[in-house]
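Dear colleague,

My notes on what was found in it follow directly after.

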Amino acid sequence: MPINYYILLSVALFCIGIVGVLTRRNAIIIFMCIELMLNAVNLLLVAFSKMHHLKAAATNAAATAGSDGQLFVFFIMVVAAAEVSVGLAIIVMMYRNIHSVDINFLNRLKH
Amino acid sequence: MNNVLNIAYWIPLLPFIGFLINGLGRKHLSKTATGIIGSGVILGAFVLSIWVFLQVKGGNTHDAHYFDFISVGKLNIPFSFKIDQLSSLFLLIITGVGFLIHVYSTAYMHEEKPEHFGRYFAYLNLFVFSMLLLVMGGNFVIMFIGWEGVGLCSYLLIGFWFKNQEYNKAANKAFIMNRIGDLAFLIAIFWIIAKVGSVNYTDVFSAAGLAKLKAADVVIVTILLFVGATGKSAQIPLYTWLPDAMAGPTPVSALIHAATMVTAGIYMIARCNVLYSLDAAEITRNIIAYIGLATALLAASIALKQNDIKKVLAYSTVSQLGFMFLALGCGAYTAAVFHVMTHAFFKALLFLGSGSVIHAMGGDQDIRNMGGLSKKLKITYITFLIGCIAIAGIFPFSGFFSKDAILLSVYLKSPVLYGIALFAALLTAFYMFRLFFLTFTGKFRGTHDQEHHLHESPAAMTIPLMILAVLSVIGGFVGIPAVIAEGGDKLGAFLSPVIAAAHGEAHAVSHSTEYMLMGLSTVLVLIMIVFAWFRFKNYQRTEATGLGKVLENKWYVDELYDKVIVQPLHRFGGFLKNIVENKVVDGMVNAVGKGVNYGSRQLRLLQSGQVGNYVLLMVLGMIVLLAIQFFIRK
């Protein structure tokens with residue numbers, strides 16, 4: 001499959017994720033959209049990794065070509081996991097104070 | 001060089017010291033002390049000037065170099081004095097007549113408070129200092145320093161009684177009109193520096209210096225220098241300040257506006273005679289001659305109808321200066337300098353005499369209120385008469401010889417111009433004797449109190465009058481033309497090293513023509529005097545009409561200048577002040593402030609405090625960066 005399809009899919013997922021972060025009011029939904037963005041990036045990285053592997057198929061380095069892309073995916077997953085745990089903890093704290101997960105209440109940065 | 005003339009710097013230094021002492025100590029010195037110091041330094045300068053003159057007569061001329069004044073790049077302007085025949089002659093005139101006027105002032109100004117008396121003498125001394133710098137300067141820059149200094153002192157002295165706003169306006173007028181001429185003078189100096197590379201007289205007037213000036217340069221420089229001279233010496237179009245300058249004390253009018261400052265222009269052109277004698281400068285010479293003649297005629301016509309004794313003398317000065325410039329324009333530099341000398345004597349005499357009259361009349365200067373003063377003011381009467389005869393130019397008084405020399409040079413240039421110049425000379429005789437007859441003869445026309453107040457002036461005023469009268473009589477004998485006495489032109493011979501072609505003038509016409517010209521002018525002048533006697537014997541005061549009214553109002557020249565130059569300048573100034581200054585300049589400055597205010601108000605809205613907005617902005621920023629990365633930075 002031409003790599004364009006994978007890139008387009010990844011970009012589409014990324015844009016949906018961005019729009020979601022910007023427009024949604026519920027904090028948990030925003031987190032889901034962030035996850036969506038991260039996974040879109042993962043998809044992109046894996047696609048490129050495969051592309052490089054296929055390109056280097058004829059030469060000797062064919063065995064390990066494109067493995068750095070897949071390696072980076074693991075890093076991103078780890079970071080996503082850590083971030084989610086911290087983020088959800090903050091949302092729980094927020095809920096305990098204002099009994100809502102609506103982000104429009106977060107406007108104290110101005111005073 | 002260790003030339004004995006190096007001590008000539010004491011000549012201007014003494015008046016400068018007098019200025020410092022009288023100026024700084026004016027609140028502490030008594031009037032006697034001020035008078036003695038003020039006059040004493042001038043006497044000292046006069047004695048030194050006599051010594052310098054005798055040295056120069058013996059052949060010892062000198063360029064005294066004192067120190068480097070301005071030294072930048074290739075241009076070196078030294079502070080140097082050029083002591084030669086021309087400057088030593090002027091030194092004598094300035095210090096001699098100046099001393100007499102200082103002595104006269106001690107009596108004339110005796111009603112002033114000591115503080116103002118001291119201020120007066122300080123200004124007078126500063127003036128003499130500046131004038132001496134002017135004539136002794138060895139290059140154009142030192143002359144310009146003196147030039148500006150005399151202009152300044154003229155302003156200070158005209159506005160001496162500063163509480164009167166009219167006098168202040170007259171002082172302003174004098175200074176501003178002078179400045180216009182000074183601008184031309186400055187441009188001429190810059191031009192000379194650009195073309196010749198030096199301002200020293202010896203460099204500019206040497207053959208090498210002249211070679212660096214092309215024909216166009218010569219014309220431009222000579223015309224610019226002449227415009228400077230018109231400002232200082234009151235020629236058309238910059239003459240209207242001089243009659244108004246009569247607002248100053250009478251001794252000031254005598255010294256500054258008759259004998260010395262106004263002759264600075266003639267000195268300058270005489271000093272630059274080498275430049276003006278070049279063939280390329282012929283057009284300038286013509287301009288000078290025509291303007292001089294026009295001024296002489298115009299001022300003489302105005303003087304016919306003036307009723308203030310000092311204004312008549314002021315216009316007479318303008319007219320006589322016109323004669324001197326006419327002589328310069330015809331190439332007769334010696335005749336012009338001769339007339340400067342004789343004019344200094346008889347004009348100072350006339351002014352001081354008028355001061356004596358004003359003193360006797362208790363401050364009234366209107367000749368329509370005078371008459372018959374000869375009975376009570378005998379010395380003033382006789383000396384004034386001598387002055388009038390001298391200015392009319394009757395043999396053997398001094399005015400005859402100098403005026404005759406001028407008229408002869410004009411005749412050599414063009415008989416038509418001679419006719420016009422002769423007519424102006426006749427007008428001179430007429431208005432001077434009109435002044436004389438109206439003031440001193442006939443019945444007294446003033447008030448009873450004035451009649452009782454009439455008295456002859458004290459000795460400090462009459463002795464200078466007598467000395468000047470003697471000089472007016474014998475002063476012409478240094479320049480007797482060759483037709484009357486061979487070798488009698490001592491002045492011409494004296495000045496010949498400085499003034500090129502000082503001798504060739506008189507030999508271009510036959511002796512009989514010269515006798516005829518002399519006789520013609522003398523006879524016509526005598527006829528004019530008799531005519532004036534009959535006309536003003538029984539003077540009735542009448543309103544002026546027609547041409548007389550125009551003359552009395554000075555041909556409305558002041559009003560013309562006001563309409564054409566002063567009012568538009570005022571309006572322009574008002575426009576600049578109200579519109580450009582308030583709206584444009586202030587507007588621009590305020591706009592910066594207002595812009596910052598507006599921008600900050602808009603930028604403040606970015607800080608909404610809502611996290612969502614901040615995330616949006618982050619995303620937008622990232623998009624911009626991506627766009628730059630992919631589309632602009634290839």
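The score called pLDDT is the predictor's confidence in each residue, on a range from 0 to 100. The model is a predicted one, and chain B has an average pLDDT of 89, with 98% of the residues scoring at least 70. Residues 502-506 of chain B are a stretch where the pLDDT is below 50; beyond near neighbours in sequence, this stretch has 13 contacts in the model. For the complex, the predictor gives an ipTM of 0.80 and a pTM of 0.82.

Overall form of chain B

Chain B contains 26 helices and 2 strands. Its C-alpha atoms fill a box of roughly 110 × 65 × 55 Å along the principal axes. Of its 634 residues, 50% count as buried. Among contacts in chain B between residues at least 6 apart in sequence, 80% join residues at least 24 apart. The domain assignment gives domain 1 (311-540) and domain 2 (562-632) in chain B, and the C-alpha centres of these two domains lie 72 Å apart.

Which residues touch the most other members of the largest nonpolar core? They are B:Leu326, B:Ala336 and B:Ala348, in a core of 203 residues. Helix H16 of chain B (residues 333-360) gives the most to this core, contributing 17 residues. Leaving out residues up to four places away in sequence, B:Ala348 touches B:Val97, B:Ile101, B:Ala254, B:Ala258, B:Ala259 and B:Leu468.

H16(B) has 28 residues, and the 40 Å from its first C-alpha to its last is close to the 40 Å expected at 1.5 Å a residue. Just after H16(B), B:Gly362 takes a positive phi of about 70°.

Is H17(B) mostly covered or mostly uncovered? H17(B) is mostly covered, with 11 of its 15 residues buried. Among the buried residues are B:Tyr381, B:Phe384, B:Ile386, B:Ile389 and B:Ile391. The buried residues of H17(B) pack against several helices of chain B, including helix H15 (309-329), H16, helix H21 (459-474) and helix H23 (511-536). The end C-alpha atoms of H17(B) are 21 Å apart, which agrees with the 21 Å that its 15 residues should span at 1.5 Å a residue. Just after H17(B), B:Gly393 has a positive phi of about 85°.

Helix H19 also packs against the buried residues of H17(B), and B:Phe437 is in helix H19 of chain B. Apart from neighbours within four places in sequence, B:Phe437 is in contact with B:Gly442, B:Ala532, B:Trp533 and B:Phe536. B:Phe437 and B:Ser374 are 63 residues apart in sequence and 9.8 Å apart in space, C-alpha to C-alpha.

Backbone features to note

Most residues other than glycine have a negative phi, and most peptide bonds are trans. The following places depart from that pattern.

- A cis peptide bond joins B:Ile236 and B:Pro237, with omega about 0°. B:Pro237 lies in the loop between helix H9 (215-232) and helix H10 (241-244) of chain B.
- A cis peptide bond also joins B:Phe395 and B:Pro396, with omega about -5°. The loop that holds B:Pro396 runs between helix H17 (378-392) and helix H18 (398-413) of chain B.
- A:His99 is not a glycine, yet has a positive phi of about 55°. A:His99 is in the segment after helix H3 (67-98) of chain A and is exposed, with 9 other C-beta atoms within 10 Å.
- B:Trp555, likewise a residue other than glycine, has a positive phi near 60°. B:Trp555 lies in the loop between helix H24 (546-552) and helix H25 (557-604) of chain B and counts as partly exposed, with 13 C-beta neighbours inside 10 Å.

With kind regards

Terms used: Residues numbered from 1 in each chain as written. Chains lettered and ligands numbered in written order. Predicted model: local features only at pLDDT ≥ 70, side-chain atom pairs only at ≥ 80, totals over all residues. Core = buried A, V, L, I, M, F, W, Y, C linked by C-beta atoms within 7 Å. Buried ≥ 20, exposed ≤ 12 C-beta atoms within 10 Å, placed from the backbone. Helix = DSSP H or I, 4+ residues; strand = E, 2+ residues; numbered from the N terminus. Contact = placed C-beta atoms within 7 Å. Expected span 1.5 Å × (residues − 1). Domains from an automatic or database assignment.
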